[in-house]
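The sequence and structure are shown first.

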Amino acid sequence: MPRTEIRITGYGGQGVILTGYIFGRAAAIHADLHSTMTQSFGPEARGSACSSALVVDDGIIAYPYLNDTDVLIALSREGYEKYKVELKTGGTLIYDSDMVQPQDTGDVRMYGVPAARIAEELGNRIVQNIVVVGFTTAVTDLVDVEAVKKSVKGSVPSALVDMNLEAFRKGYEFYQK
Amino acid sequence: MSDAMKRTDQHPLDDILRSDRLPHIWCATCGIGTVVKCFAEAIQRTEIPLDDVAVVSGIGCTGRVAGYVKLDSYHTTHGRAIPFATGLKLANPRLKVVVFSGDGDLSAIGGNHLIHAARRNMDLTVICVNNFIYGMTGGQAAPTTPNTANTSTTPFGAFEPPFNLQKLLEACGASYQARWTSLHVRRLTNSMTEALLKPGFSFVEAIAPCSTLYARRNRLGSGFDLMKFYHDNSEIQHGADPREVDISFQDSIIVGKFIDRERPTWQQLNDAQHNRSLGEKYFRHDIVEAGGEVSDA
Amino acid sequence: MEKADSKRVLTGSHYLDGDHACTEGALAAGCNFIAGYPITPSTEVVERYSRRIPAIGGTFIQMEDEIASITAVLGAVWGGAKAMTVTSGPGFSLMMENIGLAAMLETPCVIVNVMRGGPSTGLPTMVGQADVMQARWGSHGDYEIIALAPQSPQEAFTLMIDAFNLAERYRLPVMVMLDECIGHMTEKVVIPEACEIEIRPRRISTKEKGEYLPYEIGADMVPDMAHAGEGHRYHITGLTHDERGYPAMDAEVHDKLVRRLCDKVREQADDIIMLDEDGMDGAEIVLISYGITSRVARASIEATRAAGIKVGSLRLQTLWPFPEKRIGELAGKVKAFVVPEVNYGQISLEVERCAAGRAQTLLVPHMGGGVHDPAVITRAIEEAAK
C-alpha cells in the first residue's frame, strides 16, 4: 500500500480521535502496515472542528503530517467546510449525510451515510463514528475488514463491544446495499 | 580510667548530635540551640529508633540544624524542605520525618508547600524556629515580622500585616499545633514529643530571639534578655483559638497546645480511596520494604 | 545489570502516543514514584501513571507546583524510590532550582520535558524544541546532566529505560526531551518481555554502619548511595561539601567537587552518547537533527540525495553530553553541517563550536507551533552544497 493520508473531522464528542485511533491501530497492530496518528489538541479538540490525521503506509513513515489528503471523513458540517480544501483531486470524501451536504465538484468521489440516524436506531448516538468506521472500511481498501473489527473490539469499553460491532456491521452493510 | 570518668567525656546527647561538627555557627544566645536540645530530648523520649528518624531542612540559620543532628539529615534548598520531606516519607513510610525550618524559609519562600502539606495532612513533624526576621542574610523583614519592628529592609518600621502561622495552619488542616518560647524548655520538649508521636501534620512553633539582628536593631538588649522577655511575657492558654494568637511587637505571646485532632493522613486517604475503588486489585506498596512497621498504617 | 519486573512491563504490541509510551518505559524501568503538576502537553504521562500504578505498586502524588514536584522526587530517591517528574517549558523553568540540587547531591532521577513553544506561556499545545539549552544550562553553577531526545513513541519507551539506567549509573538528573509532536503522536510501540529489559540497580554502599561517607569516591568518580533509614545516619547538603557530606566553605574543596560533578560525565561521554547515523561515507553535507525534526528532514535528505548531493544524517539521541568529538571529526571531512531545529538556533551553536571553523554550520530555524516545511530544509542543503 502506498502512503495514504486520512483526515477525520467533526465536533468534540463525536469520537473523531477514536475513529483515527481505530483505523491506525487496525493498520499497525492488526494488519502488517505502519501508521501514525496525530490530532488536534486544546480547546479545539473539545470544540467545534476537531480533527485527527492518519498516515498509513506499508513502509516506514517519517513525515507524520498530511500533505495531500486521500480520504476525508467528515462527521460535521463545520469540519467539512474547514478541511474540504485539503482533499486532493481524485480523493475520497466520506460524510454523514444528515450532517453534511457537500457540493459535488466532480473531482472527488463522495460517499454519504446517515450514520447518526443509524446509531440512533441502534439505541445510542455515541456509536455514530463506528457506523462511519464500518462504512469507510467498505468504501475504501484502507485496511482489511477483520483487522478493523479487531481494532474496534480492542478500542471500546468491553461492556459496549457488541453494540459497537453491530454499528460497524450496519455501516459496512449500508455501502454494500 | 574508671567508668565514672568515661561517662564525663560523653555528653548525654552525643548519640544524637554531631559533635564532630561543633562549634556550631549560631550566635551566642540565639534561641535555636535550646530548640535543638529540646528536639534531641524529645526524640529520645519517644523511643523511636534513631536510625528511623530523618531531618530535613531548607536554608537559613534554622536550616543548619540538619547539619548538627547525627541522624539521616538533608540540607536542601530555600523553602523546599517540606516537599523533599514529603518524597522521603512517601518512599519510606517507616521513617519519622522531621522538618526544621525558620519562619522565613517556611512561610515566605516555602509558604505554598507549607499550606499544602498541612492540607494533605502529610505525616511530617514541622518545627519552626520563629525569630521574626531573616538572620542568615543579615536581618531582613520576614512574613512574621510584627509591626513596627526595625529590620534592614524596613529601616523605618515594618508595616505589612504579619502571618499568624497558627491560624494559617489550623485553617489548612494540621493535626497538631503548639507554640512555646525557646525558654520553655520542658514544655517545648513535651510538645515536640507529642508532635513526633502524632500521625499527620504536626507543627511546633518556637519563639526565639535573634540576638545579633532583631534584638540589636530594635534595642532589645542581649539575646538572653529577649529570650527571657518572650518567656516572661507569655501566657499559657491551651486550646486557645488560633485566630486569637497573633503576635504583636514586644507584647504578650499566647503559648500552649492549640490543636490536637484526628484526621487521616495522606497515605491513609490514598490507601482508603484506592481500596474503595479497586478492592483487591490495589497493591499497597511501601517502596522500602524493610520489614519494619509502617508508622501510619 | 538486573532484569525488569514482569509485573511492571506491558509486554506486547500497542498503539500508543509518545507520552503514554514514556509512562510505560518508566514503569518498565522500575519507576515507583512520580510527583508532578499538570501542564500541557506532558500531562498524559502522569495521567496514565496515576491509572496504572495503584495495581502495580508505587506512588503518584500531584504536588502544588513544579518546584515541589522535582523536590519531592529528590526526597523519594533518598528514601529509596526510583522516581521521576514530568513537565513542559514553564514547569521546567520552575524545576531548575532543584535540578541543581539533584546535580549537587548526586541524586539519580529522571525529568521528562515535553517541549512546547516558548518563551513564557508561548504555545501550550504546539511544538517547540527551544528548551535544549535550558536542559544543559538551566540551573546556576557548573554541573553536567544527560539529556536524551526520542523521535517516536517507540523510542520514547526505550529511551526512558536508558534514562533511568544512566541516572543510576552516573547519579545525576537525566532529562528526556520529547517534543510535543512526539508526545502527541500515536504509533505502534512494541514492548518486549521483562527478561529482555536490562535494569541498572542503584549503587548502594556496602559499608558498615559508621563507615559510610556519602561522597567517598571510587575509581569512576561516582559515589555509592545510602537511603534514609539504613542506619548510616549521614548528612548531605546543597552547600559545597567534602566526602563526609559536610559543608566546606573552601575553594579547594569546591574545585575538587565541581570538577568531579562535570568530569564524571565528560570523561565518560563516549560511553553515554548515542547517535543514529547514515550515509556518512563520502558525505559532503551532514544534516544534524533530533526529535520530530529528524523525521521532517528525512524527505529533504532523500530528495537531495536523489539530486546527487552526498548528504549524511546524524541524529542526536543524546543531546547532552554533546557529541563534540564526533562532530569535530566530521568537520575535518565535510563541507557543511545543516541543522534544522524548532527554535532560533540552539544545538546549531554547539555544532558551530565543535566545527571550529573547519566546516560551515547552517541553521534552519523554525520558531515553533509547527514543523519545518521539508522544502525549506531541502533548499538549505542545496545551498550548503553549492
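## Area buried between the domains

In this predicted model, domain 1 of chain C and domain 2 of chain C bury about 2100 Å² between them. Carbon and sulfur atoms account for 59% of that area. On the domain 1 side, the residues that lose the most area to domain 2 of chain C are Gln129(C), Met133(C) and Gln151(C), which together make up 29% of what that side buries.

Domain 1 of chain C covers residues 2-199, and domain 2 of chain C covers 274-385. Their centres, taken over C-alpha atoms, are 27 Å apart. The contact involves 28 residues from domain 1 of chain C and 25 residues from domain 2 of chain C.

## Polar links and contributing elements

Two salt bridges cross the interface of domain 1 and domain 2 of chain C. Glu187(C) forms a salt bridge with Arg295(C), with 2.7 Å between the closest N and O atoms. Between the two domains of chain C, 18 residue pairs are in polar contact.

Several elements of chain C give two or more residues to the domain 1 side, including strand 7, strand 8 and helix 6 (153-170). Helix 5 of chain C gives the most, with four residues. By class, this side of domain 1 of chain C has 18 nonpolar, four polar and six charged residues.

## Confidence

The model has an ipTM of 0.97 and a pTM of 0.96. Chain C has a mean pLDDT of 97, and 100% of its residues reach 70 or more.

Methods: Residues numbered from 1 in each chain as written. Chains lettered and ligands numbered in written order. Predicted model: local features only at pLDDT ≥ 70, side-chain atom pairs only at ≥ 80, totals over all residues. Heavy atoms only, no water. pLDDT = per-residue confidence, 0-100. Domains from an automatic or database assignment. Contact = heavy atoms within 4.5 Å. Buried area = accessible area lost by both parts, 1.4 Å probe. Salt bridge = Lys/Arg side-chain N within 4 Å of Asp/Glu carboxyl O. Polar contact = N/O pair within 3.5 Å; in protein donor to acceptor, adjacent residues only side chain to side chain. Nonpolar A, V, L, I, M, F, W, Y, C, P; charged D, E, K, R; others polar.
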